[in-house]
Amino acid sequence: MLRRLWQWLKRFFQRLFGSKQSPQTGEQTKVESRRQPTDAEYETLFLQLLAGVNEGWSRGRVKGFLDAKNITQAALVEWLRRFGERLLVSSAENTELAERMVRLRELSVGEVGEVAGEIGRRLLGRGGETNRQDAKSAEAREEGEAEAWFDRGNEQFDAGDFEGAIASYDKAVEFKLDYHEAWNNRGGALFNLGRFEEAIASFDKAVEFKPDKHEAWDNRGLALRNLWRMEEAITSYNKAIEFKPDDNAAWNNRGVALFNLGHFEDAIASYDKAVEFKPDYHEAWNNRGNALSELGRFSDAIASYDKAIEFKPDKHEAWYNRGNALVNLGRFEDAIGSYDKAIEFKPDDDAPWYSRGVALGNLGRIEEAIASYDKAIEFKPDKHEAWINRGFAAGSSVSCDPLLAFMSAIARNNPHLNQRGYEGKLASYEEGLKYCHQHLASAAEYAQNSSSGLINQVR
């Protein structure tokens, strides 16, 4: 009874004061989280931000933009790092985008600016590296073209096609202007064509790009020597030696230029250096002998020629020069032996045949001397010295040796040359006048007034 009375009073007072309780539904209230932008939305917003930066937004304007878009720096930085990785692996340069990202960093807007600036810097650096790589690739292609033309020029040079070689070397230096090897070889091809001035210009380019290229200095000296500019040639050889003191060829060539100037002692000193660095240098030994002969030191000269022959037994020039030195010592038999060796190795050389005739004449072996002069004339019909000496010899001979005359092509084709005495002398001069009028005219006139003469010696 009391319990029912209490519940009635409770409901009465609740109605009286209007007290209410929230209904219980048995469900919990949910709090919804803020939606994150997609990568595409982040990219659109970021590009808008960079466009503003490019237009000159201030730091405050940038922060205001981010706040208005409800973008937190942490979330933007997280997306920006992924975005940066995609940019860096892309082949596109994105130079303008990179420059704007660097400008964003300069506004000091926090971590997003620092990350953007670092990505931009790396993009710009990669672009520079790409340009450098492209430049290197282009340079490598040009060097490859230059080398191909250079190799082609060398092949043409070796085949004796000097005009073709020059054209190829021109292409090589077109692709690589400082290609000193091509300039040097181009000069060599011009030299072989006798175009010495042009060759010098080419050698000048070689030493312009490589001042210590001793081969080009040496070659330049050779071209100058062929123009008889001996002093300049010596200067060139000196430069070659400066850069390569053991350049035996430059020492030898320097000696030749000094020899041509009549500086025989200095020439010998140069040849001595050549054989010091190359003891078997037969050309230098031969040239050294010539300089010694010019000084009248014939025994020393013979020793030098002997060294040349030791290293090159078939060097006909050394055998010939050795014979001349022996003649000047009055050793005519030995001289004839030397001339015979020269003729053995070069049968068509008129010089040893002529000099052999001189030696035979000095031994009184006149008919043999005439046969030797005939061989000289056979190989060089305008050799006036041989015609003159033949005339003297024919005038001194009593009778013709029929066997020797038969062996002489000159005498077989011109039987009147087999006359001896005064008629034989005139016959030689008259025949010689057909080939060398200027030199023999005075000799023929002399023969008409004299019935004797002397055999010329050689040095």
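Which helices each supply at least two residues of the lining of the largest cavity? The sections below take up this question and then turn to other parts of the chain.

## The largest cavity

The model is predicted. In it, α19 (366-379) and α21 (402-407) each supply at least two residues of the lining of the largest cavity. With four residues, α19 gives the most to that lining.

By the rule used, there is one cavity of 30 Å³ or more. The largest cavity holds about 50 Å³ of space. Its lining consists of 13 residues, and those closest to the centre are I370, D374, L404, A405 and R420. By type, the lining divides into six nonpolar, two polar and five charged residues. Rolling a probe the size of a water molecule over the atoms shows where empty space is left.

## The protein as a whole

The protein has 24 helices and zero strands. Of its 459 residues, 42% are buried.

Among contacts with a separation of 6 or more, 54% are accounted for by residues 24 or more positions apart.

## Aromatic pairs

The structure holds 14 aromatic pairs. One of them is formed by F46 and W79 and is edge-to-face, with 5.6 Å from centre to centre and 65 degrees between the planes. This pair links distant parts of the chain, since F46 lies in helix α2 (residues 39-55) and W79 in helix α4 (residues 73-89), 33 residues apart. F46 has a relative accessible area of 1%, so F46 is buried. W79 also counts as buried, because its relative accessibility is 0%.

F150 and Y179 form a tilted pair, because their ring centres are 5.0 Å apart and their planes stand at 35 degrees. Here too the pair links distant parts of the chain: F150 is in helix α6 (residues 111-158), and Y179 is in the loop between α7 (162-175) and α8, 29 residues apart. F150 counts as buried at 11% relative accessibility, and Y179 is buried with a relative accessible area of 9%.

Y42, F46, W79 and F83 form one aromatic cluster.

## Around E181

E181 is found in helix α8 (residues 180-192). Is E181 buried or partly exposed? Its relative accessible area is 29%, so E181 is partly exposed.

Leaving aside residues up to four places away in sequence, E181 touches F150 and K213. F150 is also the partner of Y179 in the tilted pair. The C-alpha atoms of E181 and A216 are separated by 8.8 Å, and these two residues are 35 residues apart along the chain.

Key:
Residues numbered from 1 in each chain as written. Predicted model: local features only at pLDDT ≥ 70, side-chain atom pairs only at ≥ 80, totals over all residues. Heavy atoms only, no water. 1 Å grid on protein atoms, 1.4 Å probe; cavity = no way out; pocket = protein on both sides within 12 Å on 5 of 7 lines; lining within 4 Å. Points joined across faces, edges and corners; volume = space filled by probe spheres on them. Nonpolar A, V, L, I, M, F, W, Y, C, P; charged D, E, K, R; others polar. Buried < 20%, exposed > 50% of the residue type's maximum accessible area, 1.4 Å probe, protein only. Contact = heavy atoms within 4.5 Å. Phe/Tyr/Trp six-rings, centres within 6.5 Å; stacked < 30°, edge-to-face > 60°.
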